[in-house]
Amino acid sequence: MDNFEAVIGLEVHAQLATDSKIFATSSTQSGNLPNTQTDPVTLGLPGCLPVLNKRVVDFAIKLGVATNCKIRHESVFARKHYFYPDLPKGYQISQYDKPLCEDGYLEIRSDTGMKRICITRIHLEEDAGKNTHLDHEPYSVVDLNRAGVPLVEIVSEPDLRSAQEAAAYMKLLRQTVRYLDICDGNMDEGSLRCDANVSVRLRGAEKLGTKVEIKNLNSFKFVERAIEYEIARQSALLANGEAVVQETRLWDESKGATRSMRGKEEAADYRYFPDPDLLPLVVDEAWIERIQSTLPELPGQAFDRFRSNYGLSPDQCELLTEEKLTAHYFDQAASVHNNPQGIANWITSELFGRLNRDGMAMSRCPISPQNLANLVKLIDDEVISGKIAKAIFEEMFSSSTSPASIVEKRGLRQITDSNQISTIIKRVLDENPAQVIAFREGKTKMMGFFVGQIMKETGGKANPQLVNELLTKELA
Amino acid sequence: MSSLVKLSASQMRAGLLSGEFTAKDLTSAHLDRIDATNTELNSFLLVTRESALESAENADKTIKQLGNKSPLFTGIPVAIKDMLVTKGIETKCASKILEGFIPPYDCTAVYRLKEHGAVILGKTNMDEFAMGSSNENSAYGPVRNPWDKSRVPGGSSGGSAACVCSGQAPIALGTDTGGSIRQPASLTGTIGLKPTYGRVSRYGAVAYASSLDQIGPFGRTVEDVAMALQVIAGKDSRDSTSIGAPVPNYLEELACAKGKGLSGLRVGVPKEYFSQGIDPEVSKSVHASIKALEGLGCQLVDISLPTTDYALATYYIIGPAEASSNLSRYDGIRYGKRSKNHKSLAELYASTRSEGFGQEVKRRILIGTYVLSQGYYDAYYRKAQQVRTLIIEDFKKAFSEQCDIIATPVSPTTAFALGEKTSNPLQMYMADICTIPVNLAGLPGISVPCGLDSKGLPIGLQLVGPALEETRLLVTAQAFMDQCPFDVTANIV
């Protein structure tokens with residue numbers, strides 16, 4: 001299979017998180033009773049007309065700018081026709097000939113360095129409702145709450161060469177829309193959807209192979225697995241001298257395979273034409289500049305900054321900048337106490353772990369970045385030991401109080417007075433003569449016993465390094 | 001028959017304000033008139049008797065309270081073409097596929113009339129989904145022309161035209177996509193105005209051809225037509241194609257201009273509109289009317305609109321294309337009629353639409369689907385839009401260089417007999433050759449009655465103006481009708 005090269009392009013749909021729909025006034029909220037977020041325009045009632053939601057355009061321009069696209073000065077809405085119960089008007093308002101954004105790119109991190117994945121176009125359209133086929137019932141039901149929710153369709157050039165690259169591109173797209181606060185990127189809820197176009201050709205060949213569209217990829221895992229499967233399937237066909245059929249296939253997770261969608265032999269004729277109910281969308285330089293000025297630091301920029309400013313490892317930078325909220329949290333903590341490595345460790349191991357345990361999102365983190373930073377400072381200043389810090393951390397998490405107040409309240413200051421520690425060491429050794437003899441006879445594990453006793457006596461507050469140093473001296 | 005139904009709307013207002021009669025009297029008189037004439041004319045699909053009387057009662061209260069500060073349409077009965085949605089009142093566009101559909105909202109134009117106190121008498125008959133020129137395409141029977149009940153009133157707003165003509169209401173709303181207000185106005189001797197595209201909101205007007213549709217009024221006097229336009233015109237945020245330009249005070253302009261003649265007005269007479277296709281009696285009457293305009297001080301200018309010949313074909317590509325798209329929503333899923341003859345989704349769609357749509361609607365959906373389909377889009381739809389820009393250019397040039405207003409016939413013939421043109425759709429399409437170019441150009445046009453033919457059937461004069469020049473049309477129409485009176489109440493007996 002090595003002499004085959006995979007060529008992959010992704011078509012991603014992202015739901016834009018505006019309050020109302022793209023052409024109608026109903027709410028875009030999800031999870032409500034069916035058909036409660038409707039209005040005449042959403043229902044496609046006779047006589048209703050679409051009116052463009054300006055905020056939707058703001059969001060789309062934001063994405064276009066963030067992905068280095070050219071924003072078209074005048075773009076056009078077009079009607080895309082087909083009959084289906086979840087499509088109230090019998091057509092979807094989309095963009096065809098003149099999309100809002102074109103010729104952009106995103107750069108993914110691959111093993112060979114940064115790779116540019118070009119974006120052919122980004123355009124606006126409305127979502128359809130939801131059809132549900134009921135088992136054991138002779139009918140299906142239609143919920144139009146989702147009909148009219150704003151979507152951007154992001155079409156990439158077929159620049160991806162592996163399932164891993166495809167997953168990386170998807171992840172970066174998701175990260176980007178979340179950073180921009182235009183979409184929550186929930187693949188399992190359907191706010192971010194991915195279709196993949198996969199073809200295979202002999203390495204070095206110029207012509208593209210027959211492409212197959214794969215649908216129903218609603219997680220990164222599925223994207224990667226399905227594409228991998230498809231590449232293998234197509235390579236096997238070609239290696240066997242057979243042809244790849246141009247078709248649409250669905251990923252079947254239970255079977256770990258793609259399967260052909262029945263009844264999709266011909267390409268549909270959508271009879272696109274410009275929607276006469278909507279004026280062409282005019283976006284001037286001033287609008288673009290306004291959006292540009294509101295752009296936050298982008299994921300790639302945050303990563304680079306963390307690398308250069310904080311000197312953290314690539315893995316750590318990736319973890320800390322995965323979410324804008326986390327990056328911001330880190331920045332705030334690092335500005336209070338200058339130990340980026342220490343703070344990074346505490347966040348990525350302790351904090352993330354603790355949040356995960358409670359299934360809590362970072363946005364609800366009970367420990368303020370300032371308090372976390374101060375905790376690390378207390379350790380760095382040797383006011384408390386690392387072990388004590390963990391207990392303090394736990395209390396900070398449940399009570400949202402400052403570490404200093406907890407240290408004072410519970411008297412957790414580390415004991416660093418050598419005389420004090422020596423006195424305790426002498427007492428412990430005096431009280432445990434048998435163990436001392438055992439140690440002198442070669443049972444070096446007794447060190448652990450003695451340390452344990454000392455820690456018990458000091459309530460765990462003795463500085464461990466000092467204890468070890470002084471104990472070793474005493475036993476010598 | 002009460003003499004109240006012969007009055008114009010502005011006379012009705014005067015009578016209401018002076019206390020000569022009540023709104024209840026007025027509405028009752030009209031409801032009686034409808035009772036007496038609707039069986040024969042079939043102009044109303046639905047008469048909303050109870051709510052009309054209730055509105056009338058409220059109107060009387062308003063007049064008692066506010067006197068001449070009462071809103072303009074207080075107590076004035078109006079009829080609404082069934083193409084416009086009316087909240088809580090069945091709206092079916094004369095089609096079986098929408099039978100039983102009760103809209104949950106009002107068309108903006110209807111809403112504005114109601115806000116101004118209008119009494120809605122009911123919904124008028126029409127060609128199904130506004131596709132037709134004779135009102136013979138209704139699923140609920142044809143409308144008859146009050147002038148000669150063996151003849152058509154024109155279409156598609158035949159019901160509204162017959163209604164105003166016969167005294168069932170002083171004012172009615174219609175829609176005009178290719179002539180559907182002006183042509184029936186011409187055939188019934190009433191006045192019909194199609195405003196500039198975008199002057200009146202299309203929100204609530206069931207869409208036929210979105211880039212061509214406009215709502216407009218029928219009346220028996222120019223003043224009444226202006227009264228209606230005053231209320232319904234103006235920006236609507238629910239219609240992205242509605243124009244934001246301020247609405248002039250049409251009634252004030254008319255009052256100012258009354259009796260002052262039209263000196264200096266250049267009237268363009270396009271030769272292409274007087275070809276052999278036009279009935280010689282129509283031609284003669286229209287020419288005489290144009291001469292009368294000259295008598296009022298107008299300067300006549302011979303002009304040429306060379307792309308006129310292409311207008312019909314252009315319209316019958318663009319109109320059906322947009323219609324095929326707009327009518328996709330009638331699938332039996334969410335509202336209207338759903339066929340019971342199906343064992344699959346595809347059959348549900350096919351049966352519902354085959355059973356629900358009439359012949360002409362199906363014909364236009366098929367044409368429209370064809371011209372938008374892959375392989376044909378460029379040759380037909382795109383080409384038609386390009387020709388459309390040439391038609392727009394023709395008018396632009398004429399108005400900027402040669403004339404201020406254009407005068408033409410409205411219809412090539414007077415009212416034809418029921419059944420005369422139904423076997424040949426193309427022949428029926430020819431009825432709109434004078435009106436269609438105006439829709440393609442998005443310009444305002446008005447039909448005023450200008451004479452009778454030898455059979456005693458009305459002939460209409462069309463005046464076309466530059467965009468947003470409804471005032472100019474109304475002023476000219478008023479001056480013409482003052483000069484050449486026409487018996488608009490001939491059929492109110």
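Predicted model: local features only at pLDDT ≥ 70, side-chain atom pairs only at ≥ 80, totals over all residues.
I started with B:Thr308 and skipped its neighbours within four places in sequence: what remains in contact with it is B:Pro270, B:Glu272, B:Tyr273 and B:Pro437.

Next I checked where B:Thr308 sits, and its place is in helix 10 of chain B. Is B:Thr308 buried or exposed? I found 20 C-beta neighbours inside 10 Å, and 20 or more is what buried takes, so B:Thr308 counts as buried. I also looked at B:Cys434, which is 126 residues away from B:Thr308 in sequence. In space, the two are 8.6 Å apart, C-alpha to C-alpha.

**Where the chains touch**

I then looked at how chain B meets chain A. On the chain B side 33 residues are in contact, and on the chain A side 24. Which helix of chain B gives the largest share of the side that touches chain A? I got helix 10, with 3 residues. Helix 10 runs over 308-326, and along with helix 12 (359-372) it is listed as supplying at least two residues to that side. I sorted the chain B side by class too: 15 residues are nonpolar, 11 are polar and 7 are charged.

**Chain A as a whole**

Over to chain A, where I noted 16 helices and 16 strands. How spread out is chain A? Its radius of gyration is 30 Å, while the globule rule gives 23 Å for 476 residues, so I wrote down that chain A is more spread out than a compact globule. Along the principal axes, its C-alpha atoms fill a box of roughly 95 × 55 × 50 Å.

I looked up the domains as well: domain 1 is 4-288, domain 2 is 297-403 and domain 3 is 418-475. Between the C-alpha centres of domain 1 and domain 3 of chain A I read 66 Å.

Buried residues come to 40% of the 476 in chain A. For contacts in chain A between residues at least 6 apart in sequence, 69% join residues at least 24 apart.

**Strands in chain A**

Last, I followed strand 7 (residues 113-126) of chain A. It runs antiparallel to strand 6 (residues 101-110) of chain A, and 9 bridges join them. The two form a hairpin with 2 residues between them. One pair I picked out is A:Glu102 with its bridge partner A:Arg121 in strand 7.

Strand 7 of chain A also pairs with strand 10 (residues 150-156), again in the antiparallel sense, over 7 bridges. There I saw A:Ile119 standing opposite A:Ser156 of strand 10.

Methods:
Residues numbered from 1 in each chain as written. Chains lettered and ligands numbered in written order. Contact = placed C-beta atoms within 7 Å. Helix = DSSP H or I, 4+ residues; strand = E, 2+ residues; numbered from the N terminus. Nonpolar A, V, L, I, M, F, W, Y, C, P; charged D, E, K, R; others polar. Buried ≥ 20, exposed ≤ 12 C-beta atoms within 10 Å, placed from the backbone. Domains from an automatic or database assignment. Pairing = 2+ DSSP bridges. Rg over C-alpha atoms; globule rule 2.2 N^0.38 Å.
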